[in-house]
Protein chains: 4
Amino acid sequence: MPKSFPTLAAIHTVVFDFDGVFTDNKVWVDQDGRESVRCDRGDGLAFDLIRTFQRRGRLTAEFFILSKEANPVVLARAKKLKLGCHHGVGDKLGFIVEYLAARLPGDADPFAGMVYLGNDLNDLPLMRRAGYAVAPADAHPLVCDIAHLIMPQRGGEGFVRAFIERLLGIDHLTKEEIDELVSDR
Amino acid sequence: MPKSFPTLAAIHTVVFDFDGVFTDNKVWVDQDGRESVRCDRGDGLAFDLIRTFQRRGRLTAEFFILSKEANPVVLARAKKLKLGCHHGVGDKLGFIVEYLAARLPGDADPFAGMVYLGNDLNDLPLMRRAGYAVAPADAHPLVCDIAHLIMPQRGGEGFVRAFIERLLGIDHLTKEEIDELVSDR
Amino acid sequence: MPKSFPTLAAIHTVVFDFDGVFTDNKVWVDQDGRESVRCDRGDGLAFDLIRTFQRRGRLTAEFFILSKEANPVVLARAKKLKLGCHHGVGDKLGFIVEYLAARLPGDADPFAGMVYLGNDLNDLPLMRRAGYAVAPADAHPLVCDIAHLIMPQRGGEGFVRAFIERLLGIDHLTKEEIDELVSDR
Amino acid sequence: MPKSFPTLAAIHTVVFDFDGVFTDNKVWVDQDGRESVRCDRGDGLAFDLIRTFQRRGRLTAEFFILSKEANPVVLARAKKLKLGCHHGVGDKLGFIVEYLAARLPGDADPFAGMVYLGNDLNDLPLMRRAGYAVAPADAHPLVCDIAHLIMPQRGGEGFVRAFIERLLGIDHLTKEEIDELVSDR
């Protein structure tokens, strides 16, 4: 279900699923059951750019991770990216309904300004409601069926980075603007 | 040796080999010999769906892992999936003969209702006996020769998930049924 | 430089390089410099088969790992495979010259009965001398230039397993022989 | 922007970014936030060759790693490669300007003799100034746009090794020279 890519001004919330979005949807398990996941270093620069845009007042949306996974590996990656995180959430739709009601009281359609990035069946209820639903190339077929945009990148393979570059319009910046942005820490 | 895919009602036991089935048949080894394996996060949702089907009485079969591997990494993953597990079993056929005799005493052909998923030579004796034998796309050629079904997925790359989705008939559910299933935890 | 594949009877020693042979030639490094490598579970069954052949007197050759790498991760994997191992060896050719002189004193050409499997430039001096030199598909071009056989498998991707299956003639065994071999532990 | 490959004599400094250059730009994160990266064993031999060249007076350039990443995993790999390393450096261009001014005082164009290997947007300011800028095949499109050379290898997949082999002219050595080089430790 294609739909035009949202403008920065039209978005108040961007919510990311974790596994299969920031990762390749795989988990490394050791003998003691300790878990590790594989993430993309390029995502770090993406959120640095977002914070630069926020400091300059060019971006007001909130960004956070919402995951069903209970293992704290999700929190560990979120902390490195300096990104908010809610994990161990079984009913994602219920969580967001409450979150938006509290943050945007009185908004008749708080979902309209929300972007959701997800890849699997438990993301479906929320993706059906989100104003803009984005899936990686290797998402579940039923997720691809309802996403407004399927990116060419697979989860954990530049998917988050490419979405954020498109959201920030990196392609339309001059080289001076880019050099300045990446040096602004 | 193609054979029609079994119905839920015709199955009483589903047995999974571990390495090459839940994983890519690789093992990460550290300096102290500690082992880790790479699993697919999508398998977790598959077994959540199975438990939902079981709670609703739509499924009575038992599911467990049977592995020759002695390392407890197999147990660690089974525990996360809330799945029964027998590991360090050298003679898989002998183990299952005893298991089925104890669970289904008097059954003239207890193997008929058993599905087995395996990928390597030591799975052959059991796959020859199983009512339905399933292999991932990258199984050993001699395993592919006798499997009733070779799935298009490689081990650890959605193979278990795709088999379970087919077994549960996910493709034939309505969107309301799917949304309800994935929210039922 | 193709050369006919050696018979079991013609071989007294099989020497394996480690990285790039048992692994994909990659190393995972953590914050403390601890190393892990990725190995193929299928190799375990290969050395089980070799030991079965040895117990039955069908095979007398010795098999071991010879690696320049100093990190004990090599030893950890060798131990799991129950395989001899010499690591931290900078001058592989010198090591083997001494080893063969001690084990086969008086043999005019002890290298003739030796198979060597290697993938990189430091394997070249030994591969030029070995009676039979085998490389994985992704070996260094200069190694491929002098190998007697380049296997279609990449290092760590079934390369060792495929070489051993060919050496043992697995393709020519009956199904009864295979079922018996894999159950003989 | 193609430019002829520099000669050994024309270079005084070779600077490597780390993530995406020595690695596939991925990071494994565990439950406690501990990081691991995947490196290429072949890079070790490359720096062994460089040290042999240096000992023989055939090479005088300095080689080191310069990374924005704060995690000590960068230091751990540099230590194994016996390579200098500056990490946690946000302003790479500023760092190198000071470094070259101190090391080559009075040099009118100290950047001319510097090679830089990088893959992402924060490498751009330095790559624009470097006498020779090299990118892996999977570098960011804006990096590829300005690199003097895009190697066919991806980051962490033989990229550093192939660059060093080309710099040392491995292809033009005789087999005696290569065998001697790889045995010289």
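Predicted model: local features only at pLDDT ≥ 70, side-chain atom pairs only at ≥ 80, totals over all residues.
**View 1. Chain A as a whole.** Seven helices and eight strands make up the secondary structure of chain A. Along the principal axes, the C-alpha atoms of chain A fill a box of roughly 50 × 40 × 30 Å. Of the 185 residues of this chain, 48% count as buried. Among contacts in chain A between residues at least 6 apart in sequence, 50% join residues at least 24 apart.

**View 2. Helix α1 of chain A and its cover.** Helix α1(A) covers residues 42–55 and has 14 residues. From its first C-alpha to its last, α1(A) reaches 21 Å, close to the 20 Å expected at 1.5 Å a residue. An α-helix has 3.6 residues a turn, so residues three or four places apart point the same way. The buried residues of α1(A) are A:Gly42, A:Asp43, A:Gly44, A:Ala46, A:Asp48, A:Leu49 and A:Ile50. The cover over these buried residues includes β3 (35–40), β4 (62–66), α6 (159–168) and α7 (175–183) of chain A. After α1(A) comes A:Gly57, whose phi is positive, near 75°.

**View 3. Helix α2 of chain A, covered in part by chain D.** In helix α2(A), residues 73–80, the buried residues are A:Val73, A:Val74, A:Ala76, A:Arg77 and A:Ala78. Elements of two chains are included in what covers them: β3, β4 and β5 (84–86) of chain A, together with β2 (26–30) of chain D. Helix α2(A) is followed by A:Lys82, with a positive phi near 55°.

**View 4. The open sheet of chain C.** Six strands of chain C form an open sheet with parallel pairing, in the order β5-β4-β1-β6-β7-β8. Its edge strands are β5 (84–86) and β8 (149–150) of chain C, each of which pairs on one side only. Within this chain, strand β6 (residues 114–117) and strand β7 (residues 132–135) run parallel and are joined by three bridges. In this pairing, C:Val115 stands opposite C:Tyr132 in β7(C).

**View 5. The contact between chain A and chain B.** Chain A contributes 19 residues to this contact and chain B contributes 23 residues. On the side of chain A that touches chain B, the elements giving two or more residues are β2 (26–30) and α4 (124–129) of chain A. Of these, β2(A) gives the most, with five residues. By residue type, this side of chain A divides into seven nonpolar, six polar and six charged. Strand pairing also crosses between the chains: β2(A) and strand β3 (residues 35–40) of chain B run antiparallel and are joined by five bridges. In this pairing, A:Trp28 stands opposite B:Arg38 in β3(B).

**View 6. The contact between chain B and chain C.** Here 19 residues of chain B are in contact with 23 residues of chain C. The side of chain B that touches chain C takes two or more residues from each of β2 (26–30) and α4 (124–129) of chain B. The largest share of that side, five residues, comes from β2(B). The residues of this side of chain B divide into seven nonpolar, six polar and six charged. Five bridges pair β2(B) with strand β3 (residues 35–40) of chain C in the antiparallel sense. One facing pair is B:Lys26 and C:Asp40, the latter in β3(C). Only 5% of the interface residues of chain B are also interface residues in chain C, so the copies meet through different surfaces.

View 7. Chain B is superposed on chain C by a rotation of 90° with 0.0 Å of shift along its axis, at an RMSD of 0.0 Å. That is the relation of a four-fold axis. Among the residues of chain B, B:Trp28 comes closest to the rotation axis, with its C-alpha at 6.3 Å. Chain A and chain C do not touch, and their nearest C-alpha atoms are 12 Å apart. Chain B and chain D likewise do not touch, with their nearest C-alpha atoms 12 Å apart.

Definitions and conventions. Residues numbered from 1 in each chain as written. Chains lettered and ligands numbered in written order. Contact = placed C-beta atoms within 7 Å. Helix = DSSP H or I, 4+ residues; strand = E, 2+ residues; numbered from the N terminus. Nonpolar A, V, L, I, M, F, W, Y, C, P; charged D, E, K, R; others polar. Pairing = 2+ DSSP bridges. Least-squares fit on C-alpha atoms with pLDDT ≥ 70 in both. Expected span 1.5 Å × (residues − 1). Buried ≥ 20, exposed ≤ 12 C-beta atoms within 10 Å, placed from the backbone.
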